[in-house]
Amino acid sequence: MVADPKSYYHPEKALAVKEASTQYYTAMDKLVSQVEKEVIIYLEEGYSEQEISEIMNINIKSVYNAVYRFKKKKSSIDDLT
């Protein structure tokens with residue numbers, strides 16, 4: 001049985017993916033505010049917007065705005081990559 005040469009591990013491709021990933025997360029870290037990060041983390045953990053506003057002691061509108069700003073920033077970075 002002969003292995004398909006296209007299925008071999010390509011270190012240069014793996015390195016390129018790793019570098020792109022590092023650049024992406026560095027850009028996100030620079031652009032996204034601490035409040036936006038916290039709101040997104042709570043959302044990923046399954047909390048509702050109302051619960052997040054109570055936990056963080058901020059207005060629910062601030063939670064919605066943080067989500068909107070995060071998505072907008074993420075989209076702008078996605079467009080660059």
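Here is a short tour covering confidence, the core, a helix pair and a loop.

This is a predicted model. Across the protein chain the average pLDDT is 88, and 90% of the residues score at least 70. The table shows the two ends of the range among the elements.

| Element | Residues | Mean pLDDT |
|---|---|---|
| Helix 1 (lowest) | residues 11-31 | 84 |
| Helix 3 (highest) | residues 49-56 | 98 |

Next, look inside. The largest nonpolar core has 12 residues in all, among them Tyr24, Val39, Ile52 and Phe70. Helix 1, helix 2 (34-44), helix 3 and helix 4 (60-80) each contribute at least two residues to this core. Which helix gives the most to this core? That is helix 4, with five residues.

Met56 is another member of the core. Setting aside neighbours within four places in sequence, Met56 is in contact with Val35, Glu38, Val39 and Tyr42.

Now for a pair of helices. Helix 1 and helix 4 pack with their axes 10 Å apart, at an angle of about 145°, and their crossing is right-handed. From helix 1, Tyr24, Ala27, Met28 and Leu31 make the contact, meeting Phe70, Lys73, Lys74, Ile77 and Asp78 of helix 4. Tyr24, Met28, Phe70 and Ile77 also belong to the largest nonpolar core.

Finally, visit the loop between helix 3 and helix 4, where you will find Asn59. A polar atom of the Asn59 side chain lies 2.7 Å from the backbone nitrogen of Lys61. Leu43 is 16 residues from Asn59 in sequence, and their C-alpha atoms are 16 Å apart in space.

Key: Residues numbered from 1 in each chain as written. Predicted model: local features only at pLDDT ≥ 70, side-chain atom pairs only at ≥ 80, totals over all residues. Heavy atoms only, no water. pLDDT = per-residue confidence, 0-100. Helix = DSSP H or I, 4+ residues; strand = E, 2+ residues; numbered from the N terminus. Core = buried A, V, L, I, M, F, W, Y, C linked by side-chain atoms within 4.5 Å. Buried < 20%, exposed > 50% of the residue type's maximum accessible area, 1.4 Å probe, protein only. Contact = heavy atoms within 4.5 Å. Polar contact = N/O pair within 3.5 Å; in protein donor to acceptor, adjacent residues only side chain to side chain. Axes fitted to C-alpha atoms, helices over the stretch in contact; angles between N-to-C directions. Left-handed = near helix turned anticlockwise from the far one by under 90°.
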